[in-house]
Amino acid sequence: MKRLASWGLQTALGLLVVSFAAFTIITLMPADPVEIAIRTWNLPATDETVAALRQDWGLDRPLISRYLRWGWDFLHGDWGRSFRTGEPVLTEFLHRLPLSLSIGIAGLCLALMLALPLGFAAAVKPGGLADRFSRLLSVFTQSTPVFATGLVLIWVFGVQLRWIRPFANDGASLVLAITLVALHSTAVLTRVYRQSLQEAATQPWFATARAKGLSETQALWRHAHPSAFYAVLAAVHSEAGWVIGSAAAMEILFGLPGISQFLVQSISMRDQMVLQSYVMVVAFWMVSVDLLARLIMLRLEPRLT
Amino acid sequence: MKRMPLPLLLLALLFAGGLWQPHNPDAVDIVSRHIGPTFTHPLGTDHLGRDLLSRLLAGGFRTGIVILAVGVIGLVGGSLLGTLAALLGGWREVAILKASQMFIMVPTLIVALTAAAVFGLSPLSAGVALGLAAIGPLTVFTHALTRRVLSQPFMLGAEALGVRSSGKLFRHLLPNTLPSILTYVGNQSGSAAIAYASLAFIGLGADPSLPDWGGMLFEYRMFVFDDPMLVLWPTLALAGTVFLFNRACDR
């Protein structure tokens, strides 16, 4: 219980620091929102309008009080308005989040589902087909960005085989996007899982298990798997960050209407509130994945230090 | 230390490609659009008649800047903070580590994405942002490594022999930690090249007419039907560079 409270406190503190850092940097943006608003909404560019807008948005007040006001509004569901659409940012995000989230979550889950059997097969037979394939995959995903792989796949499936309609916002694109997002994490998690299995197999208690008459595969699954799975969960955190970046590239490549696409469309208008909300959503995602992984780890290993 | 020349040679090649190109990479030539490989255009031209090889070379220069900036900033900041944390100990160690962990909470790409949105995307701005974001994980890595080396018996021996602290640092500690740190930095810079390409592809604050490999892939993605080579060459250039760079840093 004490541990959970301390995690919660750390998480809240982290979110606070991230939000303040993002707010400061975004306010430093070398563009005046008032000027943009006047241009986009065709307001008269008189001194009164400028002063009224500045006062209305609190731009004449110091950074700290603006941050506090933003934080208060943010917590109460007022995420500001988008310059481009004139709609509240929260509405737009709620509309687009399900798609982005499902790409991210499905990508991570698919990676976990693929990584465990692949890593296990690689550990059972080092140098075998699964081992060599997973090594190839990890070298490949480390040096080729996911959108380039996606373009090649579009060429293969869309142009050569004509299985999918290229750049169409349909189910096939979604499946392809999720698969591509999962590729990098699959490679990383497979290698982590395989390495931990191998390490566990050198421990004395593994020899004991073998001496009891378990086969190599049985001993690996019964005795090495728990600790190796633990290592995989610890690696999920950094993969959660990768998934965000890949999902953003996939939304652009396939034209999927997620939050990253919204950000890209908004940023040419210097839409500060959209950028700030985006950073906060990403921070929430990272924190949630981290907490979930830690909770599962706590269940697996109550002696967690 | 012996393996430093290879990555540096690769970087030098990338920079050399930026200094000389067979054609002006921005010269539009509407008459010769989408022509295949010829003697004057070894890789052909794009939809505006710009020479693809020249654009690839110019993009290599920009990628090289990102790799160099991330490498230098990450190496200096990360090894300094990590070594300091391990040597100082006490509350300062805790403070440095906690701060680094806080930085790790935000994904590298999001830091660079925010910087690109605010200041516009250029190789230098992206390189600085990605480099600063790389300091966090590098600090944690260096700290763990330094602690391990510090606990070795030969460090105690040096202490007992009365070696001065500067001697301990430069003769005994750094020679044992730097090779691994360099490998790690190399991998970080390699993925930074990928991250920069992703940013240029996503197109946040980027000028699409500039010859970035990622931006070229975004621009040429619509020609995947008629002229797939336009997509293939930038992909190969990027993947080849990062692969070779990672390989060169690993040994």
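**Entry 1: two helices in chain B**

I began with helix α8 (residues 213–220) of chain B and helix α9 (residues 229–250) of chain B, whose axes come within 9 Å and cross at roughly 155 degrees. (Axes are lines fitted to C-alpha atoms, for helices over the stretch in contact, and angles run from 0 to 180 degrees between N-to-C directions; helices are DSSP runs of H or I with at least four residues, numbered from the N terminus.) That makes α8(B) roughly antiparallel to α9(B), a word used for angles over 145 degrees. I noted a left-handed crossing for this pair, left-handed meaning that the near helix is turned anticlockwise from the far one by less than a right angle.

On the α8(B) side I found B:Trp213, B:Met216, B:Leu217 and B:Tyr220 making the contact; among their partners in α9(B) are B:Leu230, B:Pro234 and B:Leu238. Contact means heavy atoms within 4.5 Å. The residues of this contact divide into 9 nonpolar, 2 polar and no charged.

A note on the model: it is predicted, local features need pLDDT of at least 70, side-chain atom pairs count only at pLDDT 80 or more, and totals for chains, interfaces and linings use all residues. Residues are numbered from 1 along each chain as its sequence is written, chains are lettered from A and ligands numbered from 1 in the order in which they are written, and side-chain values use heavy atoms, leaving out hydrogens and water.

**Entry 2: a pair in chain A**

Next I looked up helix α6 (residues 129–143) of chain A and helix α8 (residues 171–200) of chain A, which pack at an angle of about 130 degrees with their axes 9 Å apart. The two are therefore oblique to each other. α6(A) passes α8(A) in a left-handed crossing. The residues of their contact divide into 3 nonpolar, 6 polar and 4 charged.

**Entry 3: the core**

Which residues touch the most other members of the largest nonpolar core? I found A:Phe93, A:Met250, A:Phe254 and A:Tyr278, out of 124 residues. (Such a core is a set of buried Ala, Val, Leu, Ile, Met, Phe, Trp, Tyr and Cys residues joined through side-chain atoms within 4.5 Å, and buried means under 20% relative accessible area with a 1.4 Å probe, protein chains only.) Helix α10 (residues 216–254) of chain A gives the most to this core, with 17 residues.

Leaving aside neighbours within four places in sequence, A:Tyr278 is in contact with residues including A:Phe93, B:Ile110 and B:Leu113.

**Entry 4: A:Glu92**

Last, I checked A:Glu92 in helix α5 (residues 89–124) of chain A. A:Glu92 is buried, with a relative accessible area of 16%.

How values were computed:
Parallel < 35°, antiparallel > 145°, perpendicular 65-115°, else oblique. Nonpolar A, V, L, I, M, F, W, Y, C, P; charged D, E, K, R; others polar. Buried < 20%, exposed > 50% of the residue type's maximum accessible area, 1.4 Å probe, protein only.
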